[in-house]
Amino acid sequence: MKKVFTIIALALIAFSANARSFDFDDNGRRFEVGFNIGQVGRSGFMPFKQSDNNPYARFGWGVNAVIGGVYVDFVWASPQHKFDSHITDELYHDNEAFCINAGYQIPITYWLRIMPVAGYSQTNDGITDGSSINISTSDSSISLYHDYDVTPGTRVHQFNYGIGLSIQPLSFLVINAVATNHALYGGIALAMGSNRR
């Protein structure tokens, strides 16, 4: 896997030889906010290394931001029955997974950046009480959710690391893709303050 990333990095460097590249001054003006979707709770770096019997690997969502070239994100897969609107007498054996990562954008060209990332990943098992109901309100919505209690001793804390790619096809739009040892996700962001030409 390291060889693949090394080859990709060298190809990108060669590709950008005649372009404005490695302009770290542009990072000082960068500000982005966006959202991510993908798979969290994984147990392998890439899709072909994913364990078939991993109960935590599933779809999640989250947010991302860049300030001054520093990239941060959060991706979360909620307990399976937590937001089920049905009220039952059942206790569901659910689980949860999330990761938090941070990294720094390395500008290859003005529209392409790579991001080494590192962070924290957690999985846990728990019980969702189908008979409980909670209400969360805002100005525009009402959401219902059940209580979820983590089973003591089931939290697994892990170091998360990987690499991301940031492509800026338009002055205001950024597309991100991140692959780590415990998550595989992508997202879009609204860019402000960059020198995209």
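In which strand is the place of I37? I37 lies in strand β1, strands being DSSP runs of E of at least two residues and helices runs of H or I of at least four, numbered from the N terminus. The structure is a predicted model, in which local features need pLDDT of at least 70 and side-chain atom pairs count only at pLDDT 80 or more, whereas totals for chains, interfaces and linings use all residues. Residues are numbered from 1 along each chain as its sequence is written, and side-chain values use heavy atoms, with hydrogens and water left out.

I37 belongs to a nonpolar surface patch of about 810 Å², together with F35, F59, W61, V63, L165, I167, I175 and I188. Two or more residues of the nonpolar patch come from each of β1 (31–40), β2 (58–67) and β8 (156–170). The largest contribution, three residues, is that of β2. Patches comprise residues with over 30% relative accessible area and no salt bridge, nonpolar side chains (Val, Leu, Ile, Met, Phe, Trp, Tyr) being joined within 5 Å and like charges within 9 Å. A salt bridge places a side-chain nitrogen of Lys or Arg within 4 Å of a carboxyl oxygen of Asp or Glu. Accessible areas were computed by the Shrake-Rupley method with a 1.4 Å probe, and for residues only the protein chains shown count as cover.

Strand β8 also holds H157. The side chain of H157 forms a polar contact with the side chain of Y120 at 2.4 Å. Such a contact is a pair of N or O atoms within 3.5 Å; within protein, one atom must be able to donate a hydrogen and the other to accept it, and residues adjacent in sequence count only if both atoms are side-chain atoms. Apart from residues up to four places away in sequence, H157 touches Y120, S121 and Q122, contact meaning heavy atoms within 4.5 Å.

Strands β6 (residues 112–137) and β7 run antiparallel and are joined by eight bridges, pairing requiring at least two DSSP bridges. A hairpin of four residues connects β6 to β7, and D129 has D147 of β7 as its bridge partner. H146 is located in β7 (residues 142–150) and counts as buried because its relative accessibility is 1%. The side chain of H146 reaches the backbone oxygen of D84 at 2.7 Å and that of H86 at 3.0 Å.

How values were computed
Buried < 20%, exposed > 50% of the residue type's maximum accessible area, 1.4 Å probe, protein only.
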